[in-house]
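Work through the exercises below with the sequence and the model side by side, and try each task before reading its solution.

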Amino acid sequence: MGLFDQVLSAVQDPNRQASMGQLGQILSTAQQLGQANNTDSNTMQQAASVLGGFVRSSLKDTRATQGPAAAEALVQQGATDGAGVLSKLFNAGQQQQLVQTLSQKTGLNANQVQAMLPMLIPLVMRLLNQGSTKAGAQGNNNVLSTFLDADGDGDVDMGDMLGMAGKFM
């Protein structure tokens with residue numbers, strides 16, 4: 001089952017955090033962030049895709065070294081505190097590489113990208129947090145598991161997720 005299918009499944013599961021309202025809020029926030037930075041939805045989708053790749057790598061490393069609960073804790077923190085989780089996800093060199101890659105892929109200047117990161121990270125993390133259980137049980141986030149276990153073939157990524165969610169809504 002693909003990542004978007006997992007999100008839709010989580011929306012339909014009353015025991016999961018996901019809801020149509022939350023998906024709508026994520027999309028609305030992405031649109032507002034794009035408008036505030038004079039970018040279109042395609043640019044925001046590209047930014048989410050690039051960021052998603054970096055986040056996937058970081059969360060995979062966290063899961064491998066500290067366990068699934070630590071990866072889920074980062075997702076939960078990042079869903080509300082993009083600035084606070086940034087240094088937990090990426091060291092200074094990785095942050096610089098992320099800004100440079102986002103700038104190259106989106107055409108946004110590095111200062112814009114740096115300013116957007118604390119707001120863009122929560123979008124990605126809120127999407128990943130959709131699979132968390134309402135009871136807060138660690139290790140049961142099916143959306144995060146699907147995201148981290150993806151084969152990396154590029155079929156579905158965060159940019160695709162935003163696009164599909166927008167069409168679905």
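The exercises that follow go from the overall fold to single residues.

This is a predicted model, in which local features need pLDDT of at least 70 and side-chain atom pairs count only at pLDDT 80 or more, while totals for chains, interfaces and linings use all residues. Residues are numbered from 1 along each chain as its sequence is written, and side-chain values use heavy atoms, with hydrogens and water left out.

**Exercise 1.** Determine how many helices and strands the protein has.

*Solution.* Helices (H or I, at least four residues) and strands (E, at least two) are taken as DSSP runs and numbered from the N terminus. On this basis the protein has nine helices and zero strands. Of its 169 residues, 47% count as buried, where buried means under 20% relative accessible area, exposed over 50% and partly exposed in between (1.4 Å probe, protein chains only).

**Exercise 2.** Describe how α3 and α7 pack, and which kinds of residue form their contact.

*Solution.* Begin with the axes, which are lines fitted to C-alpha atoms, for helices over the stretch in contact, with angles running from 0 to 180 degrees between N-to-C directions. The axes of α3 and α7 (residues 110–129) are 10 Å apart, and the helices pack at an angle of about 70 degrees. That makes α3 roughly perpendicular to α7, a term for angles of 65 to 115 degrees, whereas under 35 counts as roughly parallel, over 145 as roughly antiparallel and the rest as oblique.

Next, look for contacts, meaning heavy atoms within 4.5 Å: residues of α3 including M44, L51 and L59 meet residues of α7 including M116, L120 and L128. The residues of this contact divide into 13 nonpolar, no polar and no charged, with Ala, Val, Leu, Ile, Met, Phe, Trp, Tyr, Cys and Pro counted as nonpolar, Asp, Glu, Lys and Arg as charged, and the others, Gly among them, as polar.

**Exercise 3.** Classify the pair formed by the rings of F54 and F90, and locate both residues.

*Solution.* Rings of Phe, Tyr and Trp (its six-membered ring) pair if their centres lie within 6.5 Å, and planes under 30 degrees apart count as stacked, over 60 as edge-to-face and the rest as tilted. By this rule there is one aromatic pair. Because the planes of F54 and F90 stand at 80 degrees, with the ring centres 6.3 Å apart, the pair is edge-to-face. F54 lies in α3 (residues 41–66) and F90 in the loop between α5 (82–89) and α6 (92–106), so the pair ties together parts that are 36 residues apart in sequence. Finally, F54 is buried at a relative accessible area of 18%, and F90 is buried at 2%.
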